[in-house]
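Me: I would like to learn how to read a few local features in a structural model, one after another. Could you take each general idea and then show me the case at hand?

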Amino acid sequence: MIVILIFNLPLINVVMTSFKNNATISQSPPPLLFVPTLRHYYDILTSPTFLFSRFLTNSILIALFSSMITITICLLAAYAIVRLGVGSPLLLAFVTNLRAIPLIIFAPSIYVLFKQFDLIDTRTGIIMVHILVNIPIALSLLVSFMQDIPKEIEESAHLDGANRVQILLRIILPMISSPMVATFILSFMYSWNEFLFALILSIKKATTLTIGASLFITAWGVQWGRIAAATTLSVIPPFVFAFYVQKYLVEAFTGGLKE
C-alpha cells in the first residue's frame, strides 16, 4: 500500500488540488485537511473559452485512430519482416532506433511540411504524427511476439491449402491477440498523453484535452485549481480503459501467445 501511495503521489496531489479553493491552494505547507469544493470543475465545464467536450472528442478520436492505424501497419510489416524476410535486420534496427532520438529534432521539419499541406490544427495531422512516433515501438513488439510463433504451424496450414492471407487472419491473429491488444493500449496511452506535437500542430480546432489544460497558464498567473480539475478529468478515460484491459498487458508480457 505504501509503494502504491508513493508511485501515485503526483496523481493524488493533483486530484486533491482540484478540490481545493484558490486560498487553500496557495497555503504553504499545503494542508491535508480542507473543505472540498467543486468550483474548479464547474468553471471548466461551463467556461466559454475552455471547450471541454471538443477537447475530449479530439483526444479520443486522435488516440483511437492513430492506435488502430499503427497496429494495422505494424502487423502487416511485422509479418512481412518475420515470415517473408522483407527488409534487412539493419532496416528494422534503424526504424526502432528512431524512437531513441529526441522528438523535438523532428518538430521544425514536420511543422514546415504540414504547413505546406494545410495539416496544421487538424486531427489528421496529429494522427499522422502519432502514427509515426508509435510505429518504432509497436513494430519492435509485434516482431518480437511474431518470432515466437512456431513456423511449423504455418507450414501445416499451407499444406492444407491455406494462402498467406488466410494464415494471417485465421492463425496468426488469434495467436497474438493479447500482444496486439497490449501494443494497442501502449499506443493509445502515448497518443492520449502526447504533448509536444499536439501543442505545436494545434491552434484551436484540433486541441486535445492535455493541451487544453495548459490554457490556464497565462501571463497573468497560473490557475492551478482549474489545471488540476482538467488534468483529473483527462486521466479518467485512459484509467478506466486500462483497468478493463489490463489482463491483456499481463498476458502479453508473460508469454501470452495463445495456443
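Reply: Let us begin with burial, where a residue counts as buried under 20% relative accessible area, as exposed over 50% and as partly exposed in between, with a 1.4 Å probe and protein chains only. Serine 47 is buried because its relative accessible area is 14%. The model is predicted, so local features need pLDDT of at least 70 and side-chain atom pairs count only at pLDDT 80 or more, while totals for chains, interfaces and linings use all residues. Residues are numbered from 1 along each chain as its sequence is written, and side-chain values use heavy atoms, with hydrogens and water left out.

Me: Where does serine 47 lie, and which backbone atom does its side chain reach?

Reply: Helices (H or I, at least four residues) and strands (E, at least two) are DSSP runs numbered from the N terminus, and serine 47 lies in the loop between α4 (39–46) and α5 (52–83). A polar contact is a pair of N or O atoms within 3.5 Å, where within protein one must be able to donate a hydrogen and the other to accept it, and residues adjacent in sequence count only if both atoms are side-chain atoms. Here the side chain of serine 47 reaches the backbone nitrogen of phenylalanine 50 at 3.3 Å.

Me: How many aromatic pairs does the structure hold?

Reply: Rings of Phe, Tyr and Trp (its six-membered ring) pair if their centres lie within 6.5 Å, and planes under 30 degrees apart count as stacked, over 60 as edge-to-face and the rest as tilted. The structure holds six such pairs.

Me: How should I read the packing of α8 and α11?

Reply: Axes are lines fitted to C-alpha atoms, for helices over the stretch in contact, and angles run from 0 to 180 degrees between N-to-C directions. Helix α8 (residues 123–147) and helix α11 (residues 177–193) pack at about 160°, with their axes 10 Å apart. That angle makes α8 roughly antiparallel to α11, given that angles under 35 degrees count as roughly parallel, over 145 as roughly antiparallel, 65 to 115 as roughly perpendicular and the rest as oblique. Taking contact as heavy atoms within 4.5 Å, the residues of α8 that meet α11 include His130, Leu141 and Phe145, and those on the α11 side include Pro179, Leu186 and Tyr190.

Me: Which residues does isoleucine 217 contact, leaving aside its neighbours within four places in sequence?

Reply: Isoleucine 217, which has its place in strand β1 (residues 217–218), is in contact with Val222 and Ile227 once those neighbours are set aside. Isoleucine 217 counts as exposed because its relative accessibility is 51%.

Me: Is aspartate 118 buried or exposed, and is aspartate 121 buried or exposed?

Reply: Aspartate 118 lies in the loop between α7 (107–116) and α8, and aspartate 121 has its place in the loop between α7 and α8. Aspartate 118 has a positive phi of about 55° although it is not a glycine, and aspartate 121 has a positive phi of about 60° although it is not a glycine. Aspartate 118 counts as exposed at 64% relative accessibility, whereas aspartate 121 counts as buried at 12%.
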